[in-house]
Amino acid sequence: MSKTFYPNQTIGILGAGQLGKMLGQSAQKMGYRVEMYDESDSACGFAVSHHTETGSFDDHERVVAFARSVDVLTYEFENINGEILADLHTRTFLPQNTAFLLLVQNRLSEKAWLTEQGMPCADYGEVRSLVDLQAEVERIGFPCILKRTRFGYDGKGQFRLNSEADLAKSTELAGMLEAECVLEAFYPFDYEASIVIARDTFGTIDCFPTVINQHVDGILFTSLTAQVPEAVQTKMTAIATKIAQESELVGVCGIEFFVSNSGEVVVNELAPRPHNTGHYTIEGTNVSQFDQHILAITGRPLLPTRLLTPTLMVNILGQHIPEIPELIKHFPQAIIHLYDKGEPRYQRKMGHFSLMADSMAALEMLVNQDSLIKRWRKAVRTEANT
Ligand code: AMP
């Protein structure tokens, strides 16, 4: 059932981290009231919320009471308790598809669904014990990556196996295998790319421009609105469109791809919510991923997206915070977003900045020649290796 929600009505957001905050800012800009629910009193999104609730995400009664007090509900993260989610669907207006959310909460069911839909992903197998691991390593071969099926993000809950010697690291492996895992073949990608796709309640689908991403130690470092070869673009757009259609998506979904040097494309991960690789859309496109999500969940038609200017997004991690004055000196034109999350811990995402230029060549030149971005990259590597 589709329903339209108008300005002055209330959007509830489960989770008040940076994604909840930026969703809230979009919603307020459009005239909606915003209420947020989070486990932490000091969640950064609370600064832009008309009303806030603090409680556990597993507190069924409180979450449901919160949901019932708003007109329409959305979430900023995918790990919502399945039982509560099923209940929320019957008690409030939650336009996003719950079945799809439950599916992507687990890497195994996510990959099984992708495979069923005929969509390519790296070879994988289920692992619950050392015996399973041995068998899957024999089948898949080295290098491969053992990942927890749930609650992994930014490369956390992952263990790379390069050779037999890594199979002997019994303490680490036993730690990983306390929970259900998936073993994935290491995909020898040439680059990583992603698309944020949106679908509204009328079934209209719109793809944001593709970005090429650089991760350092499993954490997104930069996203660049680079041109990818047409054949690769066609494959990625077709996969993203099929995912949005088949999942009956409402709102936005981030889709991460690995691209090989022969132009093969596989899906790495799905996230049915605004995505870090889509932050560039705040400045780089005519409508941001956050605006588009709010339009979709309030039952309004999507706006067709277009790139305004080539854009680079760089994440600001805890260790980069002392260098903000230097950043402003290097790039006076940068648009800096700080989320106000409190303690700037090492590797913690504290903000991001966007750099725009008139042409891709100019942007690439700016970035490649700049010592600050190189130093920031190194600041991640050096400390991570110690
Ligand atoms: P994930 O949390 O699964 O997105 O993994 C974080 C990062 O680790 C990815 O963005 C890749 O850089 C790398 N990675 C994860 N899985 C694979 C894989 N199967 N093959 C190659 N690189 C991977």
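Author: Let's start with a term: two strands count as paired if DSSP finds at least two bridges between them. Keep in mind that this is a predicted model.

Reader: Okay, which residue in strand 2 is the bridge partner of Ile 13?

Author: That's Met 36. Zooming out, strand 1 and strand 2 (residues 33-38) pair in the parallel sense, over five bridges.

Reader: And how many bridges join strand 1 to strand 4?

Author: Four, and those two strands also run parallel; strand 4 covers residues 72-75. Here Ile 13 stands opposite Thr 74.

Reader: Which way do the side chains of strand 1 point?

Author: The general idea is that side chains in a regular strand alternate between the two faces of the sheet. In this case, Thr 10, Gly 12 and Leu 14 point one way, while Ile 11 and Ile 13 point the other way.

Reader: Is strand 1 buried or exposed?

Author: Buried here means under 20% relative accessible area. Five of the five residues of strand 1 (residues 10-14) pass that test, so the strand is largely enclosed by the rest of the structure.

Reader: What do strand 1, helix 1 and strand 2 make together?

Author: A right-handed β-α-β unit, with helix 1 spanning residues 18-29.

Reader: What does Leu 177 touch, leaving out residues up to four places away in sequence?

Author: Val 127, Arg 128, Ser 129, Leu 130 and Leu 146. Take Arg 128: it is 49 residues from Leu 177 in sequence, yet their C-alpha atoms are 6.3 Å apart in space.

Reader: How about rings? Which residues do ring pairs link into a cluster?

Author: Tyr 37, Phe 57, Phe 66 and Phe 77. The structure holds 10 aromatic pairs. A charge can sit over a ring too: the charged end of Arg 160 is over the ring of Phe 186, 4.0 Å from its centre.

Reader: Last one: how does the radius of gyration of the protein agree with that of a compact globule?

Author: A compact globule with 386 residues would have a radius of gyration near 21 Å, and the protein has 21 Å, so the two agree. Buried residues make up 55% of the 386, and the protein has 14 helices and 17 strands.

Methods. Residues are numbered from 1 along each chain as its sequence is written. This is a predicted model: local features need pLDDT of at least 70, side-chain atom pairs count only at pLDDT 80 or more; totals for chains, interfaces and linings use all residues. Side-chain values use heavy atoms; hydrogens and water are left out. Rings of Phe, Tyr and Trp (its six-membered ring) pair if their centres lie within 6.5 Å; planes under 30 degrees apart count as stacked, over 60 as edge-to-face and the rest as tilted. A charge sits over a ring if NZ of Lys or CZ of Arg is within 6 Å of the ring centre and within 35 degrees of the ring normal. Contact means heavy atoms within 4.5 Å. Buried means under 20% relative accessible area, exposed over 50%, partly exposed in between (1.4 Å probe, protein chains only). A crossover is right-handed if, with the strands pointing away from the viewer, the path from the first strand over the helix to the second runs clockwise. The radius of gyration is taken over C-alpha atoms; the globule rule is 2.2 Å times the number of residues to the power 0.38.
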